[in-house]
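Have the sequence and the 3D view side by side.

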Amino acid sequence: EPYPDRGKCLYGPVWLDRRYATIGRDAQDYGCKTLESTALLKVPVNEWWYQKFHIGPMWQHFGWTMAPLWKWAMLSRSPGHAVVATKMHGANPDTTHNGTMEDWLELNLNCKDLAFRTKKPKAEGIGVLKAKGPRRITAGDIEWPDCVEVANPWRYVLTLCSEEEVHLEFKVEWGRGMWFSDHEGLWRQEKGWKARGMKRRHIDEIRKGFVPCGCVFGPVKNARFAVHRILGMAVKPPGPRHPVWTQDTVNGTNEDDWFVPFEEVKVLQDHNLNCDQVAMEVWCDESSTPKDCLYFGMLEVQNWFQEMRAQIAEQYNHTDTERQMEALEGDIDEWMSARRWQELQGGPPIATLNPDGTWSNVTHPRPFAQGPPPKLEPKMALEEPKFEPLEWLEEELRKSPYDEKGAITWEELHKINTERRMKEAERLDGLLADLE
């Protein structure tokens with residue numbers, strides 16, 4: 001029998017209940033619903049919100065089409081504010097601070113757990129903290145810009161361990177998706193048509209002493225889905241008498257439903273109830289709820305489909321877009337050639353990080369503006385070695401023999417080389433005799 005989950009929804013290949021028997025017979029009767037399978041739960045480890053939903057019934061294979069799009073929209077397109085860079089005034093050269101227990105790296109890691117509610121989209125600002133210890137600093141103790149509101153004021157940031165005044169600054173920006181950090185700013189990889197490209201997000205405050213901080217814009221932290229098959233009426237291939245599965249047949253109460261006259265087969269094929277059901281699980285921070293995040297993902301996918309439908313209905317002119325793509329083909333070819341030349345040279349540029357934070361000895365690949373990369377063939381033939389490996393080892397043993405007991409001596413190796421040369425001479429004489 002079908003196995004029900006916590007939301008009383010059935011898992012795996014199960015038979016559709018009799019109360020859904022009208023689904024699919026009329027367009028007005030078909031209704032895809034989103035059910036809350038669990039209540040809004042708080043994860044104790046990281047204090048994220050969690051909720052599970054069941055979406056269905058949908059047409060066969062339609063769940064595998066829509067579920068990845070909803071997940072992609074929630075993880076990659078959810079907008080929001082996040083801390084992108086921090087600054088510790090009076091920090092030591094080793095990134096520690098005399099007034100705090102945490103160093104700069106630990107401060108940036110703690111800032112990843114901060115959640116903000118957006119008041120002004122696409123706005124940015126700087127949060128400031130000026131305090132004296134000893135005390136424990138949370139997100140609510142920091143003065144944030146007007147464009148955001150901290151959703152978890154109890155979230156731990158750092159601990160002040162002395163009475164020295166600590167001055168910290170936090171750069172807050174608006175964006176989408178997940179970004180990594182390096183010494184130049186934020187970056188992430190995006191898969192293109194033929195290769196993966198690196199996208200940069202520059203931060204102006206880096207020149208003022210700020211250190212970039214990897215972040216996740218948007219409230220969604222994780223999402224996963226599973227597509228379950230719901231079986232209704234499964235009709236066998238046409239024949240004189242066709243076994244047809246119904247709910248009574250499964251229960252063993254109506255043996256006549258095993259066979260249906262041929263003229264009724266087409267009706268049952270039109271009313272086939274093989275459906276999909278999507279089980280979606282969503283984790284998000286305190287700035288939103290999983291239900292709102294799922295609604296945003298569905299709305300984003302809907303707007304995407306409506307835009308494509310409008311282009312087809314209105315006969316959108318793609319000439320300008322094609323011209324722009326043709327204009328970029330030359331730049332793309334140059335970039336691909338430069339990347340290939342960089343790979344042949346051994347990889348990306350290598351530089352030395354000096355103690356004062358500056359870079360030196362930067363080895364850049366050959367710029368494409370100087371012309372195409374030269375051929376990697378040698379300009380002259382390589383010189384033949386003066387000795388064969390065994391002859392070289394024989395010469396070295398004669399100069400400085402091994403002292404270990406049982407090691408090979410110069411005389412033994414000389415005997416081996418002599419026999420090898422005699423066999424090689426006999427082989428060459430045999431080849432010459434065959435040619436004659």
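What follows is a short tour of selected features in this model.

The model is predicted. Begin with strand S6, residues 49-59. Is this strand enclosed or open? Nine of its eleven residues are buried, so S6 is largely enclosed by the rest of the structure.

Now look at the pairing partners of S6. Strand S21 spans residues 275-284. Nine bridges join S21 to S6, and the two run antiparallel.

Strand S5 covers residues 41-42. Two bridges tie S5 to S6, again in antiparallel fashion. Leucine 41 faces tyrosine 50 in S6. S5 and S6 make a hairpin, with six residues between them.

Glutamate 47 lies in the loop between S5 and S6. Its phi is positive, about 60°, although glutamate 47 is not a glycine. Most residues other than glycine have a negative phi, and most peptide bonds are trans. Glutamate 47 has a relative accessible area of 27%, so it counts as partly exposed.

Where does lysine 122 sit? Its place is the loop between strand S8 (116-118) and S9. Lysine 122 also has a positive phi, about 65°, without being a glycine. With a relative accessible area of 68%, lysine 122 is exposed, because the cut-off for that class is over 50%.

Follow the chain to the other end of S9. Proline 134 lies in the loop between strand S9 (125-132) and strand S10 (135-138). The peptide bond leading from glycine 133 into proline 134 is cis, with omega near -5°.

Finally, turn to the surface. Trp72, Trp304, Phe305 and Met308 form a nonpolar patch there. Together they present about 380 Å² of accessible area. Which element gives the most to this patch? Helix H5, residues 290-313, does, with three residues. Phenylalanine 305 is found in helix H5. Its relative accessible area is 35%, so phenylalanine 305 is partly exposed.

How values were computed
Residues numbered from 1 in each chain as written. Predicted model: local features only at pLDDT ≥ 70, side-chain atom pairs only at ≥ 80, totals over all residues. Heavy atoms only, no water. Patch = residues over 30% accessible without salt bridge, like charges linked within 9 Å, V, L, I, M, F, W, Y side chains within 5 Å. Areas by Shrake-Rupley, 256 points an atom, 1.4 Å probe, with all protein chains shown as cover. Salt bridge = Lys/Arg side-chain N within 4 Å of Asp/Glu carboxyl O. Helix = DSSP H or I, 4+ residues; strand = E, 2+ residues; numbered from the N terminus. Buried < 20%, exposed > 50% of the residue type's maximum accessible area, 1.4 Å probe, protein only. Pairing = 2+ DSSP bridges.
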